[in-house]
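Below is a short briefing on one protein model with a ligand. Please read it alongside the sequence and the 3D view.

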Amino acid sequence: MDLVELGRSGTRVSSIGIGTWQAGDDTWGPDVNDRDCIDAIVRATELGMTLVDTAENYGRGHSEEVLGKAIRKVGRENVFVATKVSDHHMRPEDVAKACEASLRRLGIKSIDLYQVHWPDPYDQVPLRDTMKAMEWLERRGKVGHIGVSNFAIRDLEEARAALSRTDIVSDQVQYSLLHRNIEAEVAPYCAREKITILAYSPLARGALTGKYRPTQRPGDQVRTRDVFFRAANLRRIRPLIAAMERIGRTHDRTAAQVALAWLRSHPGVVPIPGAKRPAQAEGNAGGAGWRLTREERGRLDRISSGLRLDTF
Ligand code: NAP
């Protein structure tokens, strides 16, 4: 697996990571269990996908505990741990407490990348106070790098202005062939400022794998009301899936791997697909090690831009 620099930090991470929201509980379906999730993380790291993303929020800490068990299996030095503080823990004293609780659940001494999960529109905690608390954690060695998630440019600028001796290395945002909103503002800003984009839901929560149909939709809590899985939308994305499968065949790859390769074709973008079991992690590792041609990328850009999905 090739490595890419995280922001301007000099630290290099795998060009595809693994997301572990799935490991939190059964909101992603009854087929989720701890053993498979641990094995998925272990397999991912064996294949070089060492950037592992979790959050205190996923299953109220359970995902971090599962990751902790995987870390004990593979060795701390083989995992780049990215976790997140929730938007209801933005007061400086809560940030510090949340960090300690995450470290305990993960069974580690320092978090490699600590991210603010969402900007906080409700509690009115000044963002600069939260960021100062993040920097204090970094100074004490509790945190290696500081990142954010779901931040627009205004949030990024405010957060960066509050940091005196370090900078934000990453913004984790939704990005896939079915969700390209960040291309308007956030992506150009991050490219210019050398802030890595960690692309979440890179497979559009499974819709881009091609395995779902209008008559065969996931019934779990996360996806039942998800717009990507509306019957009409699953019908509308068929031409894109067909193009992805066609391109995949010429490279001996799956549609999911094409979806990840498309994201990787954007410099500074690192997809973090979620995996419920080792086979999925293996499949996702195959999104690296090859490239789309310029023509293939252009074709996918065109078809995906032309899609008109129901969003209400
Ligand atoms: P995703 O990665 O687009 O989709 C994951 C789902 O796709 C899996 O649960 C699995 O579900 C299916 N899948 C994965 N690999 C597959 C493969 N190789 N072949 C076939 N199916 C496959 O969506 P996501 O989990 O929402 O996003 C990834 C990660 O991003 C999360 O785990 C989390 O760490 C992070 N995230 C962050 C935020 C945030 O606010 N920062 C929000 C969302 C997610 P089925 O097998 O059931 O179809």
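Gly268 lies in the loop that links helix H9 (255–264) to strand E10 (269–271). The model is predicted.

**Gly268**
- Setting aside neighbours within four places in sequence, Gly268 is in contact with Thr196 and Ile197.
- Ala187 is 81 residues away from Gly268 along the chain, and their C-alpha atoms are separated by 9.1 Å.

**Ligand site**
- The ligand takes up the space of the largest pocket.
- There are 30 residues around the ligand, of which Gln22, Asp53, Tyr212, Arg223 and Lys276 come nearest.
- Arg223 places a polar side-chain atom 2.6 Å from an oxygen atom of the ligand.
- For Gln22, an N or O atom in the side chain is 2.7 Å from a ligand oxygen atom.
- Thr20 uses its backbone instead, with an N or O atom 3.3 Å from an oxygen atom of the ligand.
- The ligand taken alone exposes 900 Å², and the protein buries 93% of that area.

**Ser102**
- Ser102 belongs to helix H3, which covers residues 92–106.
- With a relative accessible area of 0%, Ser102 is buried, because the limit for that class is under 20%.
- Apart from neighbours within four places in sequence, Ser102 is in contact with Glu56, Glu64, Thr83 and Ile111.

Terms used. Residues are numbered from 1 along each chain as its sequence is written. This is a predicted model: local features need pLDDT of at least 70, side-chain atom pairs count only at pLDDT 80 or more; totals for chains, interfaces and linings use all residues. Side-chain values use heavy atoms; hydrogens and water are left out. Helices (H or I, at least four residues) and strands (E, at least two) are DSSP runs, numbered from the N terminus. Buried means under 20% relative accessible area, exposed over 50%, partly exposed in between (1.4 Å probe, protein chains only). Contact means heavy atoms within 4.5 Å. A residue is near a molecule or strand if one of its heavy atoms lies within 4 Å of it. A polar contact is a pair of N or O atoms within 3.5 Å; within protein, one must be able to donate a hydrogen and the other to accept it, and residues adjacent in sequence count only if both atoms are side-chain atoms. Accessible areas come from the Shrake-Rupley method with a 1.4 Å probe; for residues, only the protein chains shown count as cover. On a 1 Å grid over the protein atoms alone, a cavity is a set of points where a 1.4 Å probe fits but cannot get out, and a pocket is an open set with protein on both sides within 12 Å along at least five of seven lines; lining residues have an atom within 4 Å of a point. A molecule sits in a cavity or pocket if more than half of its atoms lie within 2 Å of its grid points.
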